Amino acid sequence: MRFPSRYYNRVLSFSRTQGLDYFCVAGTRSNSTGSAGERNAAADSDRSARAVPLSYDVFDGRGTETPLVFLHGLFGSKSNFQSIAKALVQRTGRKVLTLDARNHGNSTHTPFMSYEAMANDLTNLMSQLHIGKCVLIGHSMGGKVAMTSALLQPDLVERLVVVDISPSQTTMHTGFPSYITAMKAVKVDSDIPRSTARKQAEDQLRPFVKELAVRQFLLTNLIEQDGHYTWRVNLDAIIKHLDNVMSFPDFNTSYLGPTLFLGGGNSPYISSEHYPEIQRLFPNSDIQYIPDASHWIHGDRPMDFINSICTFLKS
């Protein structure tokens with residue numbers, strides 16, 4: 001693992017090989033007896049592990065190298081990476097896929113949400129598309145899905161890029177709980193132009209979501225259905241499982257493939273406090289920062305973001 005000059009002037013380097021004790025998603029219930037609460041919890045675990053269909057876009061490249069797969073963050077969608085995907089097809093010649101996570105975009109809504117379940121969704125889609133290996137690139141929540149996938153199914157992931165997130169608790173850095181509460185309270189008139197509906201929703205969000213960029217990001221989820229406006233994200237499922245989304249599963253194994261942690265220079269989501277856990281789980285990793293970028297690196301500094309990925313692919 002190479003530490004960034006932001007903290008250590010890149011004087012330390014770690015490389016180790018170790019056996020893998022693979023961790024699998026539990027998908028079967030025990031036949032042993034237990035309390036009603038235990039049985040219900042086991043049933044919930046069963047259902048959450050079942051893969052759901054995901055919406056995706058494919059940007060075809062002419063090359064035969066391993067495809068790139070992008071995973072968006074909380075309240076994002078596959079469209080967040082559309083321009084990035086097109087640029088990477090031109091730069092690398094590789095096929096690029098962008099996915100909507102469960103309860104996001106055009107993907108299936110389900111009451112259950114966990115990183116193991118979302119990793120299972122990805123594995124199922126890759127199998128359906130006959131993709132045996134990919135370069136996995138995930139931002140924020142998508143970065144945690146990508147890390148979970150690499151730790152659960154290392155043979156599926158040739159290389160891993162984790163964008164502005166670490167395998168740690170992230171609640172302290174986000175206002176998502178208050179955002180969700182504000183979104184659930186929004187009331188928009190029916191049968192009005194989309195621009196008017198968006199303004200109504202933004203006016204109601206403004207007292208609770210102070211940053212314009214964040215409001216605009218959340219408003220990408222406002223859609224019209226049969227003359228009525230609604231949120232395309234499953235707010236009920238997200239708020240129910242928000243603690244899990246803000247945390248990260250426990251693993252006693254490591255992913256040994258090449259890994260890049262790419263942080264925003266102005267973002268607190270990857271700090272020196274996270275380095276030991278990153279080193280433990282991803283020993284063949286490099287941590288880099290893009291100057292003058294916030295949590296949404298690909299939006300703030302798209303060319304630097306693309307260049308970093310292209311350099312990593314060649315390393």
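Modeller: Before we look at the sheet in this predicted model, note that two strands count as paired if DSSP finds at least two bridges between them.

Colleague: Fine, what order do the strands of the open sheet take?

Modeller: The open sheet has seven strands in the order E1-E3-E2-E4-E5-E8-E9, and their pairing is mixed. The edge strands are E1, covering 56-59, and E9, each of which pairs on one side only, while the twist from one strand to the next averages 15°.

Colleague: And how many bridges join E2 to E4?

Modeller: Four bridges join E2 (residues 68-71) to E4 (residues 134-139), and these two strands run parallel; within this part of the sheet, Val 69 stands opposite Leu 136 in E4.

Colleague: Switching to Trp 296, where is that found?

Modeller: Trp 296 lies in the loop between strand E9 (285-290) and helix H12 (297-300), and its relative accessible area is 27%, so it is classed as partly exposed.

Colleague: Which residues is Trp 296 in contact with, leaving aside neighbours within four places in sequence?

Modeller: With those neighbours left aside, Trp 296 is in contact with His 139, Val 214 and Phe 217. The C-alpha atoms of Trp 296 and Asp 164 are separated by 7.9 Å, although the two residues are 132 residues apart along the chain.

Colleague: Last topic, helix H4: what should its 14 residues span?

Modeller: At 1.5 Å a residue, helix H4 (residues 115-128) should span 20 Å, and its end C-alpha atoms are 20 Å apart, which agrees. Its buried residues include Tyr 115, Met 118, Leu 122 and Leu 125, and just after H4, His 130 takes a positive phi of about 60°.

How values were computed: Residues numbered from 1 in each chain as written. Predicted model: local features only at pLDDT ≥ 70, side-chain atom pairs only at ≥ 80, totals over all residues. Heavy atoms only, no water. Buried < 20%, exposed > 50% of the residue type's maximum accessible area, 1.4 Å probe, protein only. Contact = heavy atoms within 4.5 Å. Expected span 1.5 Å × (residues − 1). Axes fitted to C-alpha atoms, helices over the stretch in contact; angles between N-to-C directions.
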